[in-house]
Structure formats: C-alpha cells, structure tokens
Amino acid sequence: KERKVVAHKVISRMLNGQLAGAFELFFDGVSLHRQQRESAQRIIAKWRAPAMRSGFEGWQEYMDLRREEVKEAAAEELQATLAAEAAAVAQERTKEQERAGESVDREVTRRVEQAKRTVGRMLHIQVAGAFDGFYDQVQASKERKEVARKVISRMLNGQLAGAFELFFDGVSLHRQ
C-alpha cells in the first residue's frame with residue numbers, strides 16, 4: 001500500500017514536470033511565432049516597393065529550384081541508404097541461415113551419436129543376455145552330467161554290492 005502511494009507521488013511529480021516543460025515549450029513557440037510574424041510584416045512592408053517585389057520573385061524562383069534540388073538529392077540519398085540497408089539485411093539473413101544450418105548439423109550429429117550409444121548399449125545388453133543364457137545352459141548340462149554320473153555310479157555300486165554279496169554267500173557256503 002505504501003509502495004502504491006509512493007508510486008503515485010513519483011508519477012504525479014513526473015507528470016507535473018512534463019506539463020511544465022510542455023508549457024515552457026509552448027510559450028517559447030508562441031513567442032517565436034510572434035517574432036517571426038512581426039519580422040515578416042516588416043519585410044513585406046519593404047517588399048511592397050517595386051524593386052523589392054522583383055527581387056523577391058527572383059528569390060522565390062531560386063528557392064523553388066533549390067527545393068527541387070534538395071528533394072532530388074534527398075531521394076537519391078534515401079535510395080542509396082535503403083539499398084545499403086537491404087544488402088545488410090540480406091547479408092544478416094544469410095548469416096542467420098548459416099548459423100541455423102550449423103546448429104541443425106550439430107543437433108543431427110549429437111542425436112546420431114546418442115543413437116549409436118543407445119544401440120551399442122542395447123547390443124551389449126543382448127550379448128550379455130545371450131552369454132548368461134549360454135552360461136545357464138552349460139551349468140545345467142554339467143548338473144545333468146553329474147546327476148547321470150551319480151546314477152550310473154549307484155547302479156554300478158548296486159551291481160558291485162550284489163556281486164559282493166553273492167561272493168560272500170559263496171565263501172560262507174564254502175566254509176561251512
């Protein structure tokens with residue numbers, strides 16, 4: 001709330017200062033206009049004489065010619081300025097297009113590199129998964145071989161135990 005009050009005071013002072021400056025400019029303009037009118041009336045009074053009238057008409061003709069020369073010079077200068085500005089704008093546009101093209105090329109390169117890294121990661125993951133699968137298959141094969149060896153060993157031990165029992169029975173019978 002205090003900020004608003006301070007802001008209103010500052011704006012009011014600025015407006016009063018602007019109004020005072022505008023009034024001073026208006027007053028100066030009116031004074032200058034009055035002086036010019038008085039000078040023009042004095043000059044017109046002098047020109048009413050016949051010699052001054054012909055001189056004044058000659059001066060008016062000269063001023064008309066001079067105005068035309070100034071207009072032509074200004075038009076030529078304006079055309080040259082506009083042509084220079086158009087060339088500068090065209091050159092700036094070309095530079096902006098080159099910068100935009102370079103920016104696009106950098107972005108394309110960055111995205112291609114990013115895609116290569118992503119594809120590399122995916123391939124690495126696939127290779128790792130394949131190796132894990134191969135490792136699991138080898139481990140399963142080793143386990144199956146070990147189970148088969150144990151089964152065969154038990155079977156051989158069972159036959160060997162049966163043969164030993166028969167031998168033992170035969171030896172026992174023979175001793176009796």
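Guide: Let us begin with a definition: helices are DSSP runs of at least four residues, numbered from the N terminus. Please keep in mind throughout that this is a predicted model.

Visitor: How many helices and how many strands does the protein have?

Guide: The protein has two helices and zero strands. Helix H1 covers residues 2–47, and helix H2 covers residues 50–175.

Visitor: Why is the protein described as more spread out than a compact globule?

Guide: The radius of gyration is compared with the value that the globule rule gives. Here the radius of gyration is 56 Å, well over the 16 Å that the rule gives for 176 residues, so the protein is more spread out than a compact globule. Taken along the principal axes, the C-alpha atoms fill a box of roughly 185 × 55 × 10 Å.

Visitor: What share of the residues is buried?

Guide: A residue counts as buried under 20% relative accessible area, and as exposed over 50%. In this protein, buried residues make up 0% of the 176 residues. The protein exposes about 16,500 Å², of which carbon and sulfur atoms supply 61%.

Visitor: Which residues form a nonpolar patch on the surface?

Guide: Phe-23, Phe-26, Phe-27 and Val-30 form such a patch, with about 450 Å² of accessible area together. Val-30 belongs to helix H1. A patch residue must have over 30% relative accessible area, and Val-30, at 33%, is partly exposed.

Visitor: How are salt bridges to be read?

Guide: Side chains of opposite charge can pair when their charged atoms come close. The cut-off for a salt bridge is 4 Å between a side-chain nitrogen of Lys or Arg and a carboxyl oxygen of Asp or Glu. By this rule the count comes to eight salt bridges.

Visitor: With which residue does Asp-64 form a salt bridge?

Guide: The partner of Asp-64 is Arg-67, and their closest N and O atoms are 2.7 Å apart. Asp-64 and Arg-67 are separated by about one helical turn because they are three residues apart in helix H2. Both are partly exposed: Asp-64 has 42% relative accessibility, and Arg-67 has 46%.

Visitor: Is Lys-116 buried or exposed?

Guide: Lys-116 is exposed, with a relative accessible area of 55%. Lys-116 forms a salt bridge with Glu-113, the closest N and O atoms being 3.9 Å apart, which is within the 4 Å cut-off. Glu-113 is partly exposed, at 36%. About one helical turn separates Lys-116 and Glu-113, because they lie three residues apart in helix H2.

Visitor: Where do Arg-149 and Glu-146 lie?

Guide: Both lie in helix H2, three residues apart, or about one turn of the helix. Elsewhere, salt bridges that share partners join Glu-107, Arg-110 and Arg-111 into one network.

Methods. Residues are numbered from 1 along each chain as its sequence is written. This is a predicted model: local features need pLDDT of at least 70, side-chain atom pairs count only at pLDDT 80 or more; totals for chains, interfaces and linings use all residues. Side-chain values use heavy atoms; hydrogens and water are left out. Patches are made of residues with over 30% relative accessible area and no salt bridge: like charges are joined within 9 Å, nonpolar side chains (Val, Leu, Ile, Met, Phe, Trp, Tyr) within 5 Å. Accessible areas come from the Shrake-Rupley method with a 1.4 Å probe; for residues, only the protein chains shown count as cover. Buried means under 20% relative accessible area, exposed over 50%, partly exposed in between (1.4 Å probe, protein chains only). The radius of gyration is taken over C-alpha atoms; the globule rule is 2.2 Å times the number of residues to the power 0.38.
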